[in-house]
Amino acid sequence: MSTKQLYRKIHRLCSFQHIYLLSNKRVLPFHHQIHTKSDDCENYALKVQTLLKIEANKSLTDIFQSLNQYNFTLSEDFILDVLKRHRSDWKPAFTFFKWVLASGYSLKTGSFNEILDILGRMRRFQELNQVFDEMSKRGKNLVNERTYGIVINRYCGAHRVEDAIEFFYKRKMLGLELDLIAFQTLLVCLCRFKHAEAAEFLFHNKKNEFKDCIKTRNIILNGWCVLGSLSEAKRFWNDIVTSKLKPDKFTYGIFINSLCKSGKISTAVKLFQTMWEKGCKPDVAICNCIIDGLCFKKRIPEALEIFGEMNERDCLPDVATYNSLIKNLCKIRRMEKVYELLDEMEMKGESCLPNARTYGYLLNSAKAPEEAIGILERMNKNGCKMTGDVYNLLLRLFMSWDNQDKVKNTWDEMERSGLGPDQRSYTIMIHGLFEGRRLEEALSYFDEMISKSMVPEPRTRLLVDAMNIKLKEKGKESMKTEITKRERKDKNTR
């Protein structure tokens, strides 16, 4: 398996994504009805989403009774649809999941994995462990590599390094092999969340247990790159070069990326040229890295030159290549060139077809609501699906333009799609409403955010404290004004 294939497999495992029932009553059997159409499944999922929102403050027993009144068949697709609509809101997702468990329905791996990912994302590890215990109790065949990847990824994301390592060693108990791929998955997750030091320590400590190979070393090198430590990346690069292992193009690519991110673009370009000289042909990802680095340093003509040479050297540009150029050309308002590249992407299609990131850069450069709507129409026409990032960008733009109707429409659509609102959405709303001097509304969004166990940014907490002080002072002033009015009224009536 190549390093590229390894990364893809690990990405699939990690891209996510005994139950204690609070009610002692078993859910009553529901009526069975066959629905094969996907739109039926979607409509029922939307009804459940609405019910869970309306009855959020009711008891578990009441919510279970309300869910029982619906006449539908539980299926894996339906359950996943409901859960995915609550990716950023663990409470209704967990309530619905417990109701499904209590119904006696035999859940499959996909549904367990989805709820594990939701709980892990929101750092609800007590509930995550309850779900995992229930999953394990129902049979080892339910736990698969994706389950392992999700849990490891979420532990590392919460910086619970010891828990992640302990879970790795539970693999044998779960009926999974304690192999090199699993070890590499652990290292990837540690490095992704800036625990390169712990990953390198494990790597050296387990050399006798797991074969030393360039793929594993690439993971550690990338970890130091993610951490932004060029000195450590250089040290590890030198370790690879002086070892018996030969650097491959991914090793070069990772180190070139580290140099570019550290602003050492000239050194990166030299290493890029060395690759060609040594017959180690750079791939499109490495070319993209150089192009992006040159654009960041405002050396756009050089970036366009390398972009032009890619076809000649049989290294075809992809959507990321175009995105790097479009992002930076938007910044300097060279919109004619931007739309020329966009037309080229649409014409080429396949790996060059514009994606959500492409349209995000265009939206970010929009100067008015009408321009943004035109970009969204083009996005929809090309079959590009919305993402949470695009929704949040739209929220920020419409808030800055004080277009409250569009803000509400965007928020409602994001909720229906299950792509939010997340912590960033609430942050945008709170700060935007504060700037619009709508303090009570801003605080209501903050309360809702906290009720969903989302952790606010430090700047948001400071802002909320300032708003509370301001409202308190405003209340005192209003009270003083009212007292003064009454005193004047009393004086005039004497």
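This is a predicted model: local features need pLDDT of at least 70, side-chain atom pairs count only at pLDDT 80 or more; totals for chains, interfaces and linings use all residues.
Local features here need pLDDT of at least 70 and side-chain atom pairs count only at pLDDT 80 or more, while totals for chains, interfaces and linings use all residues. Residues are numbered from 1 along each chain as its sequence is written, and side-chain values use heavy atoms, without hydrogens and water.

Backbone to start. Most residues other than glycine have a negative phi, and most peptide bonds are trans. Glu-350 has a positive phi, near 50 degrees. Glu-350 sits in the loop between helix 19 (335-348) and helix 20 (356-364); helices are DSSP runs of H or I, at least four residues, numbered from the N terminus. Its relative accessible area is 78%, so Glu-350 is exposed, meaning over 50% with a 1.4 Å probe, protein chains only.

Asp-402 also has a positive phi, near 55 degrees, and belongs to the loop between helix 22 (388-400) and helix 23. Asp-402 is exposed at 56%.

Next, the peptide bond from Gly-420 to Pro-421, which is cis, with omega near 0 degrees. Pro-421 is in the loop between helix 23 (404-417) and helix 24 (423-435).

Technical notes. Helices (H or I, at least four residues) and strands (E, at least two) are DSSP runs, numbered from the N terminus. Buried means under 20% relative accessible area, exposed over 50%, partly exposed in between (1.4 Å probe, protein chains only).
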